[in-house]
Amino acid sequence: MSLTSVIIPTTPFEGQKPGTSGLRKKVKVFMEKHYTENFIQCILDAQKEKIKGCTLVVGGDGRYFTTQAINIIIRIAAANEVSKLIIGRRGLLSTPAVSSLIRSHKVLGGIVLTASHNPGGIRNDFGIKYNIENGGPAPDQLTNEIYELTQKITQYKFTPELDCDFQQPGVQTFEVDGRQFVVEVIDPVNDYVTLMKSIFDFKKLRSLLNGTETQPSFNVLIDSMNGVTGVYVKRIFLEELGSDQDSVARIIPLDNFGEIHPDPNLTYAKDLVDKVKEDLRYDLGAAFDGDGDRNMIIGKNAFFVTPSDSLAVIANNLNCIPYFQKNGVHGFARSMPTAAAVDRVAQKLNKEMFEVPTGWKYFGNLMDAGRLSLCGEESFGTGSDHIREKDGVWAVLAWLSIIEHKKMSIEEILKEHWRTYGRNYFTRYDYEECDCESANKMMEHLEKFISNDGVVGKSYSSGGKTYVIQKVDNFSYVDPIDNSVAKNQGIRILFEDGSRLVFRLSGTGSSGATIRVYIDSYEKSDTTADAQIMLKPLVNIALEISQLKQFTGREEPTVIT
Ligand code: G6P
Ligand code: ZN
């Protein structure tokens, strides 16, 4: 049967501006008539002529509204002369898997349906993100273009009678306006597992996890938090690496994530932390967010590895991973608010080191140019140039490879690392869902503070410690590859002893404003203290300078990481 597309008149919606990582709103907003359709049409329009005859990958974390969104995408893509969509079975694809598929199939791009670590379900969040040809998130220039299009859209193209089932793998061909339109539904895991097997030594990992005659088994608890990684964890840990059911938790993807907040940190992954604390059999605990790009690593007795330290330790040990043995190690990078532990490794190994704004998209150009092999963010993101997204499962496999190689516990590895390099103490205070106006006023206040003439040299004291301001700025970044500039990426207050305060507003929330305060300091020899105690004086100074409590009325942060 030949299907015909139609043109449907529409009017713009306000606020379709992609944030740090795509457009995120409440499900009910995406459900408004034409809302999702408008945004998808604008994503396709922003590709201009390239859209005709192209292939796109589509999938996400399976959260509520995924099925409806994919149906809309199929019908709009067909009408806009896209020739093929590659869709994960049941709409499931982790964000790293989308990135990998775009690259391995050499297609124009992908549409990722996720609000990442934000809660899902009918009352919570949905999200749409566009990834480009290199597999990475669209750069600012493209997301700005998409946003501009959303402000003037008058119509979208649609194929109303195109009914396409994507519950089972297989290829379906349709005729739309006399052209062929193909939907290939794929197993969401196959391509990704092949990639992981080409990066890591699965045989070694298998014997680590199962033990050998001379080594007891290394016991893990991998928590998918009811997100999409469940299907990857099942295949990789249970089937490929031969772990048992006790090694995994919450591996059935649920469209509301079982009403939890699928964000792998000490607050929202408390279940995992408690289990690992209670059961001393476990040597490693790991959790991922809804779409599988974030990770948290803890050791025995829930010994917490900060993402900044995790990045530094992986950087220091890349030589035990086959992928890097083969491809070599080029530079390292971190986002600006991430503590500088990896910088010390870069210096020792004589590698190039980059500091970029918050957002994985800023790493892509450096990787494409062959100048970056490994990078990470304090927001529980770690990854390498095997794809152009951060990758939670990859990070755990990297840690297991290091543990297998060093034959040490996580705590021992960290302590050895700190003995060698000193320790960057780090903590982040989040104040979620603040009133937008108050949050903006606080940022304006900070802007004024840093533009004061007398600010450098000013000293602040708390808890018996005194800090003198050495430098202040609002971070801006010039991409060394394409010279694009990203401004206003966070207020920085740097002290003479190397300690630092950073303030920024989150770009990933769906309502209200989230204020993030990043606090870090460096200690050469006192490396085993409690980070919260160590950083308390700086926290107090951060609150004093920003007047956060006065502006927001908040006494305490909602999350501390
Ligand atoms: C997502 C992005 C990351 C970013 C994080 C926090 O996970 O992929 O690159 O670091 O959000 O962003 P935010 O703007 O909320 O601090
Ligand atoms: Zn995510």
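Trainee: Which exposed residues does the face of α6 turned away from its buried side carry?

Mentor: That face of α6 carries T194 and S198, both exposed. Keep in mind that this is a predicted model.

Trainee: And which residues in helix α6 are buried?

Mentor: Helix α6 covers residues 190-199, and Y192, L195, M196 and I199 are buried in that helix.

Trainee: Why are they on the same side of α6?

Mentor: Because the four buried residues, Y192, L195, M196 and I199, cover an arc of only 100° around the axis, they sit on the same side of α6.

Trainee: What covers the buried residues of α6?

Mentor: The cover includes four helices: α4 (95-104), α8 (229-240), α11 (322-327) and α14 (392-406).

Trainee: Let's step back. What domains does the domain assignment give?

Mentor: The assignment gives domain 1 at 2-188, domain 2 at 191-421 and domain 3 at 423-560.

Trainee: How many residues does the contact take from domain 1 and from domain 3?

Mentor: Domain 1 gives 12 residues to its contact with domain 3, and domain 3 gives six residues. The C-alpha centres of domain 1 and domain 3 are 37 Å apart.

Trainee: Which elements give two or more residues to the domain 1 side?

Mentor: On the side of domain 1 that touches domain 3, those elements are β3 (23-26) and α5 (140-150). β3 gives the most, with three residues.

Trainee: How do the residues on that side divide into nonpolar, polar and charged?

Mentor: The side of domain 1 that touches domain 3 has one nonpolar residue, six polar and five charged.

Trainee: New topic, the record. Where does UniProt place the alpha/beta/alpha domain feature?

Mentor: The unreviewed UniProt entry places "domain: Alpha-D-phosphohexomutase alpha/beta/alpha" at residues 16-156, 205-298 and 311-421.

Trainee: What is the helix and strand content over residues 205-298?

Mentor: Residues 205-298 are 29% helix and 16% strand, with end C-alpha atoms 18 Å apart. For residues 311-421 the content is 48% helix and 17% strand, and the end C-alpha atoms are 13 Å apart.

Trainee: Now the open sheet. In what order do its seven strands come?

Mentor: The order is β21-β22-β25-β26-β27-β20-β28, with antiparallel pairing. The edge strands, β21 (459-462) and β28 (559-560), each pair on one side only.

Trainee: How many bridges join β21 to β22?

Mentor: Four bridges join β21 to β22, which spans residues 465-474, and the two strands run antiparallel.

Trainee: What stands opposite S459?

Mentor: V468 in β22 stands opposite S459.

Notes: Residues numbered from 1 in each chain as written. Chains lettered and ligands numbered in written order. Predicted model: local features only at pLDDT ≥ 70, side-chain atom pairs only at ≥ 80, totals over all residues. Pairing = 2+ DSSP bridges. UniProt positions renumbered as here; feature names shortened; annotations may be inferred. Domains from an automatic or database assignment. Contact = placed C-beta atoms within 7 Å. Nonpolar A, V, L, I, M, F, W, Y, C, P; charged D, E, K, R; others polar. Buried ≥ 20, exposed ≤ 12 C-beta atoms within 10 Å, placed from the backbone. Arc of directions from axis to C-beta.
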